[in-house]
Amino acid sequence: MIPQIASTLLTVPETYRSPMPVTAVRCYPNCPQLFTYPLCPRCGLIIEREYQCFCVHCGQALDWKQFCKAIVTPALYSSGVR
Ligand SMILES: [Zn+2]
């Protein structure tokens with residue numbers, strides 16, 4: 001049940017292994033599907049799949065308990081400025 005990534009996490013600081021709550025999602029208004037992506041609480045990058053155990057970018061363990069209350073923020077760039 002332990003993912004293979006766990007072996008690489010043995011070398012990262014302890015704080016990466018204690019889950020941080022995911023509290024923000026980013027939306028892309030210009031995207032046809034209106035996708036929203038959760039944001040890593042440590043590095044701020046997009047987490048491509050919801051409810052994955054670790055951030056693929058920085059290895060931070062993730063806590064999804066507060067995800068339903070996450071704050072939605074629009075993407076910084078926008079080509080649709082009126
Ligand atoms: Zn991260």
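Q: What pLDDT does the chain average, and how many of the residues score at least 70?
A: pLDDT is the predictor's confidence in each residue, from 0 to 100. Here the chain averages 82, and 72% of the residues score at least 70. This is a predicted model, in which local features need pLDDT of at least 70 and side-chain atom pairs count only at pLDDT 80 or more, while totals for chains, interfaces and linings use all residues. Residues are numbered from 1 along each chain as its sequence is written.

Q: What is the strand order of the open sheet?
A: Strands of a sheet pair through backbone hydrogen bonds, either parallel or antiparallel. Two strands count as paired if DSSP finds at least two bridges between them. In this structure, 3 strands form an open sheet in the order β3-β2-β5, with mixed pairing. β3 (36-38) and β5 (71-74) are the edge strands, each pairing on one side only. Neighbouring strands of this sheet are turned by 30° against each other on average, direction ignored; axes are lines fitted to C-alpha atoms, and angles run from 0 to 180 degrees between N-to-C directions.

Q: How many bridges join β2 to β5, and how many join β2 to β3?
A: Strand β2 (residues 24-27) runs parallel to β5, with 4 bridges, and antiparallel to β3, with 3 bridges. Val25 has Val72 as its bridge partner in β5 and Pro38 as its bridge partner in β3. Arg26 stands opposite Thr73 in β5.

Q: Which residues make up the largest nonpolar core?
A: A nonpolar core is a set of buried Ala, Val, Leu, Ile, Met, Phe, Trp, Tyr and Cys residues joined through C-beta atoms within 7 Å. A residue is buried if 20 or more other C-beta atoms lie within 10 Å of its own, with C-beta atoms placed from the backbone. Of the 82 residues of the chain, 12% are buried. The largest core has 7 residues: Val22, Leu39, Cys40, Ile47, Phe54, Cys55 and Leu62.

Q: Which residues is Cys40 in contact with, leaving aside neighbours within four places in sequence?
A: Contact means that the C-beta atoms of two residues, placed from the backbone, lie within 7 Å. For Cys40 these residues are Leu45, Ile47, Cys55, His57, Cys58 and Gln60.

Terms used
Helices (H or I, at least four residues) and strands (E, at least two) are DSSP runs, numbered from the N terminus.
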